[in-house]
Amino acid sequence: MNFWLIHQISLTHEGLQKACAIQILQTAMSLADQGHRVLLWVQRCSRRSVQEIENHFGRKVPATLMLMKARTSGASLHKQSPFATKLLAARNVMRAVMRGFLPDVIVSRSPEVLAHCRKNLVLPVRPLRILELQYPESVAQWRKWRSSHPDAGLGDGVRALRELRQRESECISGVDGILYAALGHVPLMESWGYSGPSRWFPSACPKLTAPQKVECLYDVGYVGTLAPENGLECLLEALALMPNRRLAVAGSGAESYEDSLRALARQLGV
């Protein structure tokens, strides 16, 4: 089968350090290893990207996996998409066709991108549109809205979030199937009114075998982005309730937020 994987990851050295890029590339290479042809649409790549990927993963990129930088557009609050307009979709499809790729299946983590595919793609055969559900897109869009409307009241914020959720629900109603990453996504799909095919899709990252003897340097660990929405303050407050426990945090984020976490840790005695 021919797969289009449409993601906005950056295949630079820095971009390959991010968990989302690792998961997406693992998925793409796994599909290619199984004999499928995969066209991975990305936000940024260069002539060195294949070498960067091979150095990072310690293996050859399968011959049936190809990379393509996507030209995108879209409204400021919404997902940038290679298929946001019919003209842009036609240009991007032409580039894919020149590489010999017409899709049987289109996979994206964005409901809006899949809605654009349904509306603006003109192809000889309609491909299946599969949503890889990781995180509600409306939440990220609402954060953008809050940033651009700092003086908005609670009522305006609630209305904006309701509209974004309704838009997301409408986009999801048109997909052919959902692969979800967490069991907590099941009630979320129910709240959207989605009743189509769905399947739990665990992380594509390889399972690591733990060594036989481990000397623990800490008791609790966090790996991820340092951002307020990820609840690091709550983690520090919880750890303060457990005397003589050590925490390791690995990740990156805004320097000001990292400073505030360090100050809170000192205040709590963590």
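Modeller: A term to begin with: a crossing is left-handed if the near helix is turned anticlockwise from the far one by less than a right angle, and right-handed if clockwise. Keep in mind that this is a predicted model.

Biologist: Fine. Is the crossing of α5 and α6 left-handed or right-handed?

Modeller: Right-handed. Helix α5 covers residues 137-148 and helix α6 covers residues 154-172. Their axes come within 9 Å and cross at roughly 145°.

Biologist: Which residues in α5 meet α6?

Modeller: E137, S138, Q141, W142 and W145. On the α6 side they meet D156, G157, A160, L161, L164, R165 and E168.

Biologist: And how many nonpolar, polar and charged residues has that contact?

Modeller: Five nonpolar, three polar and four charged.

Biologist: Switching to strands. In what sense do β2 and β3 pair?

Modeller: Parallel, over five bridges. Strand β2 is residues 37-42 and strand β3 is residues 65-69.

Biologist: What stands opposite V38?

Modeller: L65 in β3.

Biologist: Now charges. How many salt bridges are there?

Modeller: The count comes to eight. One of them pairs D33 with R59.

Biologist: How far apart are the closest N and O atoms there?

Modeller: 2.9 Å. That makes it a salt bridge because the cut-off is within 4 Å.

Biologist: Where do D33 and R59 sit?

Modeller: D33 is in helix α1, residues 19-33. R59 is in the loop between α2 and β3. They are 26 residues apart, so the pair links distant parts of the chain.

Methods:
Residues are numbered from 1 along each chain as its sequence is written. This is a predicted model: local features need pLDDT of at least 70, side-chain atom pairs count only at pLDDT 80 or more; totals for chains, interfaces and linings use all residues. Side-chain values use heavy atoms; hydrogens and water are left out. Two strands pair if DSSP finds at least two bridges between them. Helices (H or I, at least four residues) and strands (E, at least two) are DSSP runs, numbered from the N terminus. Axes are lines fitted to C-alpha atoms, for helices over the stretch in contact, and angles run from 0 to 180 degrees between N-to-C directions. Contact means heavy atoms within 4.5 Å. Ala, Val, Leu, Ile, Met, Phe, Trp, Tyr, Cys and Pro count as nonpolar, Asp, Glu, Lys and Arg as charged, and the others, Gly among them, as polar. A salt bridge is a side-chain nitrogen of Lys or Arg within 4 Å of a carboxyl oxygen of Asp or Glu.
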